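Here is my note on this structure. Please read the points with the model open beside you.

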Amino acid sequence: MEVMLAQAGRPSVRVATSKDYMTILFGIWLIGGIFIDGFAHNHGVVETFFTPWHAILYSGYLASAAWMGWLLFQSKKATGLSWTKAAPVGYGLGLIGVVIFLIGGLGDMYWHTVFGIEKDIAALLSPTHLILLLGGLLILSSPFRAGWYNEKLAKPDWRAFTPAFLSLVVTTGAVSFFLMYAWIFRYNLPAKSTMLWYDYQFGGGGLLDEMNKTRGLVFILIDTLVYMFPVFLLMKRWTLPAGTMTALFTLVSVMMNVLDGFQNYPSIFVALGAGLVGDILYRALRAGEGRVMAERVIAAAVPIALWSFYFAWMAISDGIGWEQEFWAGSIVEATLLSMGLHLLASQKQPARG
């Protein structure tokens, strides 16, 4: 561990990159349990709180908690600070997350005992599950925060950047997991076969079609935020190593495909293609040199690529059930949303007078 002086001359500790790798390893264990549990919920095999998938989830939590507790102990030993002030850089909120996750886990066991096992979207909205989400996000994002506050990590190579990057990936994955009901690739609402199925099941009609198209548009906008916000966060802080956006989009899409046994695997290639477009533009426009206009081009081009590839795949494989104005307009609206988000993310903090 590296001891340094923080604000007001107070010593603090920065963990070594190798220890950040260990944090990520345990975090992947934890998030793996979450997605396996999600697969089990989606396929109706969960019956009690005490299941193999919960065992993976909570053992991953215990491993993460024990490891972060050890880092706190080592930091306290090195600095002589109190327990509340000795947390390594970036890990303070993660340690709070350990406590929150424990509260959520105990509450979840009680909730299931009293109210039974939730099904479908209700499982994602369970109060105890949302507490687990909050605790998990704080734990998983610890290496990202550690990298964010590391002044030496301005233009990192992949070896130094991987812990912070994977931390953001699994954190984004956890958010995506709890938004699975809005993951457009799971439902493919614009597909012609999907529209015909709804017409067959519910008799069709203008109102139902409009509701499904509106639902699909909302899903596209939400998924645009999920994909693009991490990109803007990364560009704001670092000069990105080659392939960052491709890896981010691909890994998040792979994680989401676990939930349905990779039935919608073409979405992985759609996301990979959009990430490639972003990485190529990042290099060609030299966005890593702080060129805001280059970043804005990326903010526009990546969602255009993502949803154009999506609708192109749909047109080839199934046919698009939405009229041209609606599916083309959804691409434009997603692009405008991404550009607006970047305008907010790229604002500089005003100098203090």
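How far apart do the C-alpha centres of domain 1 and domain 2 lie?

1. The C-alpha centres of the two domains lie 27 Å apart. The domain assignment gives domain 1 as 15-167 and domain 2 as 183-346. Those bounds come from an automatic or database assignment. The contact between them takes 21 residues from domain 1 and 20 residues from domain 2. Contact means heavy atoms within 4.5 Å.

2. A caution on the basis. This is a predicted model, where local features need pLDDT of at least 70, side-chain atom pairs count only at pLDDT 80 or more, and totals for chains, interfaces and linings use all residues. Residues are numbered from 1 along each chain as its sequence is written, and side-chain values use heavy atoms, with hydrogens and water left out.

3. Look at W29. W29 sits in helix α1, residues 17-42. Helices are DSSP runs (H or I, at least four residues), numbered from the N terminus. W29 counts as partly exposed because its relative accessibility is 37%. The partly exposed class lies between buried (under 20% relative accessible area) and exposed (over 50%), with a 1.4 Å probe and protein chains only.

4. Now S141. S141 lies in the loop between α5 (127-140) and α6 (142-148). S141 is buried, at 11% relative accessible area. A polar atom of the S141 side chain lies 3.5 Å from the backbone oxygen of L138. Leaving out residues up to four places away in sequence, S141 touches S167 and T171.

Conventions:
Helix = DSSP H or I, 4+ residues; strand = E, 2+ residues; numbered from the N terminus. Polar contact = N/O pair within 3.5 Å; in protein donor to acceptor, adjacent residues only side chain to side chain.
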